[in-house]
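Hi,

Here is the structure I said I would pass on to you.

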Amino acid sequence: MKIAINGAGPAGLFFAILMKKTEPRHDIAVFERNGPDDTFGFGVVFSDETLSNFMGADEATFREITRAFAYWDDIEVRYRDARIRARGHGFAGLGRKKLLNILQARAEALGVRIHYRTDITDMRPFEGADLVVGADGVNSFLRERFKEHFKPAIDMRKTKFVWLGTTKSFGPFTFIFKPNEHGWFYVHAYRYAEGQTTWIVETHEGTWRRAGLDKASEAETVAYLEKLYAPELEGHRLLTNKSIWRSFPMVTNEAWHHDNIVLLGDAAHTVQFSIGSGTKVALEDAVALAEAFAHNRAVPDALAAYEAARRPDIGRLQASATISLKWYENALRYNAMEPQQYVFSFLSRTKGVTYENLRLRDNEYVAGVDRWWAGQVRRSQGFDVPIENPPPPMFTPFRLRDMVLANRLVVSPMCQYSAEDGTPNDWHMVHLGGMAVGGAGLVYTEMTDVSREGRITPGCAGMYKDAHVAAWRRIVEFVHGNSKAKICMQLAHAGQKGATKVAWEGSDEPLETGAWPIISASATPWLKHSQVPKAMDRADMDKVRDDFVRAARRADEAGFDMIELHMAHGYLLSSFITPLSNLRRDEYGGSLENRMRFPLEVLDAVRTAWPAGKPISVRISATDWVEGEGVDGDEAVEIARVLKAHGADIIDVSAGQTTLRAKPVYGRMFQTLLSEQVRLEAGIPTIAVGNITTADQVNTIVAAGRADLVALARPHLTNSHFVLEAAAHYGYAEQHWPNQYLTAKSQAMRLAAEKNRTDTELREAAKARPVEELKNAAE
Ligand SMILES: Cc1cc2nc3c(=O)[nH]c(=O)nc-3n(C[C@H](O)[C@H](O)[C@H](O)COP(=O)(O)OP(=O)(O)OC[C@H]3O[C@@H](n4cnc5c(N)ncnc54)[C@H](O)[C@@H]3O)c2cc1C
Ligand SMILES: Cc1cc2nc3c(=O)[nH]c(=O)nc-3n(C[C@H](O)[C@H](O)[C@H](O)COP(=O)(O)O)c2cc1C
């Protein structure tokens, strides 16, 4: 086969090596605009896992690489004056030039022809090739030439960065976060050979401009940064190599192949350097493409197989990288944090690194986090939490006004559609009672409607007639009498989503018989064939407000510890807040101030009626999930600020379900960053919710300051004893178990301890062999 490769970077060279190795008769030419030694940048970094992957692909290359790299295990984060270390991260650094020299030599030894100093500007060099490979990097010529087929998108990210080097050696992978008079600067520093360290500086665009770095020459940039980092550099110089300030381009392509042309590495997709994987990904692409040819496939089939095999991994990596780079973009948000929390937030910024994952790597580090957390719960909340043998963060108490929760776990509100004329019955008693027995600190009722006509469905629960008080009191008394849980009633009016069928007969589908008239902020139907709601007039508003107040009084009478006003998910109050459903032209529509006017009237009235010692939560949809329109995280912060000013104690940060145009980005803990933004920027406690499924995630969220409480809905339907199980898993003996269940407690704790032991052994066995070990084995 005749193969022409544009670009002698890691992707192009490694692919050439692998193809030539499997079939020496392949005629392979690589075109490279630079000379063999004039590469940009300094070192690249790999993780243990990455390097063990390459072992199988080409042992000769692997041996050379392992001989050349610098290895380290620790991460050190320097934040303001603190230095915190976490072990067990296993990284290897290597000069980019060294890596390329190794690959060049191996390729040429196998008979690959590399045409250096050949800048490709048209397709002539590729004529007659059976396969054309675009391994030509982030500004790929081939991608641009065939852009109508590849359909690339380039998302220029917000921060500015420059890639420098220094002769100063650092032991661990070092991250330095520090401010000066212009703003914050972030350094990623890693040694890739003795006396050779990559030194990437990242900053916010505003800081960059204030510092005059937008107009600075390379020498001026160095002078500025050497002054800023004089204490860290200890007399060493910063080194340049085409070190210009850039924004990171996040490259994606709808297709990676067209005819006999295929994109590899950065040409196809970029992965931002803060998760350190661009070179790894380029090399893995090369492995995947070579493998696709290993089965004697025809070119088009092999290219399709390569793309199908790589897409899911790349999708995941790019998602991880996006989260990581957003941490930097939003880093100003974390500046009020104490160092322990700042560092934990940083280390756990991608979803893959969690509380337990960090504990496996470095037990002592996480024990330090637990101790710090216990201390701050003592200081900020006045609880007598043990510092020496502290519980995991999720098992620390939390106070809102006079209500004290035993732990951070919440059973999220879940409609049961099983009430009759709003009255809860034995189903609700068993359902909610079971959840309370299961150990959560706080249990929510389902969305409970403030009027008969405010129900979503005929089966929805209500708090609109006196008989409801007694029925709910029975449940509240069971919860208080048989568990340590507190109980919150979520009060709501369904608005535009009212008079619909119960979920299992057709969620949001209008009732065919027995429907009642519905109201909303504006007269637009939820579905095309839904009932058209009446746009509320002042009299409707007065009635709804008074219904909320009456329901709140009844909730107090029934003994509830807290109420939540449901201002999310497109129901009545939510329909005012989002401009996508609020089309009003009066003082209740338009600006955020106007859209919040009626929801705040309700909150004000309810706050007055609800006892001062009891807290009020408000659930919001912190984004409408419509790009560039409606509510987004920033507006959610404004919403939370005014809710706080009007007496809300905590914001339950949900998202979406406000418009059919929503395009939610689902994933693990997918709404948690909104909770973090609201909590840190509006300065109000929050509840995180949405696809949070493990106790590990709960601990990560709480310890990182992404929420004060964590609500689980569906996981509780599968396992109402989620908290008891988590307590056993962590060996947390203080968790309350009902007396009737005490015989199970010691068994659960013993079984959990055994399971933890075997899990740890299995993980240890499956772990990538540390590169140091592989290096010895290779020698
Ligand atoms: C600041 C920064 C830090 C990074 N840190 C790391 C890290 O720590 N670890 C890591 O793994 N990755 C890191 N990367 C990413 C890494 O450099 C790239 O992801 C990786 O090099 C991609 O390999 P590639 O072969 O696809 O492209 P490249 O390495 O960019 O190679 C493409 C080659 O094609 C050549 N070329 C392009 N156009 C033409 C043309 N028209 N004619 C002829 N030749 C052409 C170029 O000269 C180049 O040699 C970092 C990137 C940046 C910007
Ligand atoms: C069966 C069911 C009913 C729900 N009913 C309500 C509700 O009454 N009020 C509400 O605010 N959210 C409701 N939700 C949303 C949940 O409270 C929660 O926000 C959502 O399910 C995401 O959490 P999860 O991933 O843990 O399930 C409901 C969810 C489920 C699964």
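Proline 10 has a polar backbone atom 3.3 Å from an oxygen atom of ligand 1, which makes a polar contact (a pair of N or O atoms within 3.5 Å; within protein, one must be able to donate a hydrogen and the other to accept it, and residues adjacent in sequence count only if both atoms are side-chain atoms). Glutamate 32 reaches an oxygen atom of ligand 1 with a polar side-chain atom, at 2.6 Å. On the backbone of glycine 278, a polar atom is 3.4 Å from a nitrogen atom of ligand 1. Taken alone, ligand 1 exposes 1000 Å², and the protein buries 93% of that (accessible areas by the Shrake-Rupley method with a 1.4 Å probe; for residues, only the protein chains shown count as cover).

Before you go further: this is a predicted model, where local features need pLDDT of at least 70 and side-chain atom pairs count only at pLDDT 80 or more, while totals for chains, interfaces and linings use all residues. Residues are numbered from 1 along each chain as its sequence is written, chains are lettered from A and ligands numbered from 1 in the order in which they are written, and side-chain values use heavy atoms, with hydrogens and water left out.

Back to ligand 1: 33 residues surround it, with Glu32, Arg96, Tyr190, Asp266 and Thr279 the closest (near means a heavy atom within 4 Å). By class, that shell holds 14 nonpolar, eleven polar and eight charged residues (Ala, Val, Leu, Ile, Met, Phe, Trp, Tyr, Cys and Pro are nonpolar, Asp, Glu, Lys and Arg charged, and the others, Gly among them, polar). Which element gives the most to the shell around ligand 1? That is H10, with four residues (helices, H or I of at least four residues, and strands, E of at least two, are DSSP runs numbered from the N terminus).

Ligand 2 is surrounded by 16 residues, and the closest are Ser412, Pro413, Arg619, Asn691 and Arg714. An oxygen atom of ligand 2 is 2.8 Å from an N or O atom in the side chain of arginine 619. For asparagine 691, a backbone N or O atom lies 2.6 Å from an oxygen atom of ligand 2. Ligand 2 exposes 600 Å² when taken alone, of which the protein buries 82%.

Cheers
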